[in-house]
Amino acid sequence: MELLKMLNMALRFGMELAMLVALGYWGFKTGGSSVMRWLLGIGAPLLAAVVWGLWMAPKATNRLQGGWFWLVELVLFGLAGWGLYSAGAKSWLLWLAVVYVINRVLMVVWRQ
């Protein structure tokens, strides 16, 4: 069982990286001009990474707790999903959503 819990935490880290990649993909696909694509493609994941590092990371000094943590997490992953949808990557959105739900349910069940 401990191995499964460790694998779930590794999956969680992979999901966090996938969120950043999805935001970057959206940015590079969305911007009207070349400069805007680069600003959004780099800026959106960078902003999400800063928010995660300040308030969501396990070793963050001001880590959110309870409902606030879940709300910010849902907003960040929701924005990543919306970005995939608006960029036309609907199949990737489906995979992100399914894996996120499975991972989150296991984290709650196993109190991770």
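## Reading salt bridges in a predicted model

Lys5 and Glu2 sit together in helix α1 (residues 2–30), 3 residues apart, which is about one turn of the helix.

Q: How many salt bridges does a search of the whole structure find?
A: Let's begin with the general idea: side chains of opposite charge can pair when their charged atoms come close. In this predicted model, the search of the whole structure gives 4 salt bridges. One of them joins Lys5 to Glu2, with the closest N and O atoms 3.8 Å apart.

Q: Which residue forms a salt bridge with Glu16, and where do the two lie?
A: Glu16 pairs with Arg12, and their closest N and O atoms are 3.4 Å apart. Both belong to helix α1, 4 residues apart, again about one turn of the helix. Glu16 and Arg12 are both buried.

Q: What about Glu73 and Arg12?
A: Their side chains also meet in a salt bridge, at 2.2 Å from N to O. Here the pair links distant parts of the chain: Glu73 is in helix α3 (residues 66–86) and Arg12 is in helix α1, 61 residues apart. Glu73 counts as buried because its relative accessibility is 0%, and Arg12 counts as buried because its value is 4%.

Q: Which residues are linked in a network of salt bridges?
A: The network links Arg12, Glu16, Glu73 and Arg104.

Notes:
Residues are numbered from 1 along each chain as its sequence is written. This is a predicted model: local features need pLDDT of at least 70, side-chain atom pairs count only at pLDDT 80 or more; totals for chains, interfaces and linings use all residues. Side-chain values use heavy atoms; hydrogens and water are left out. Buried means under 20% relative accessible area, exposed over 50%, partly exposed in between (1.4 Å probe, protein chains only).
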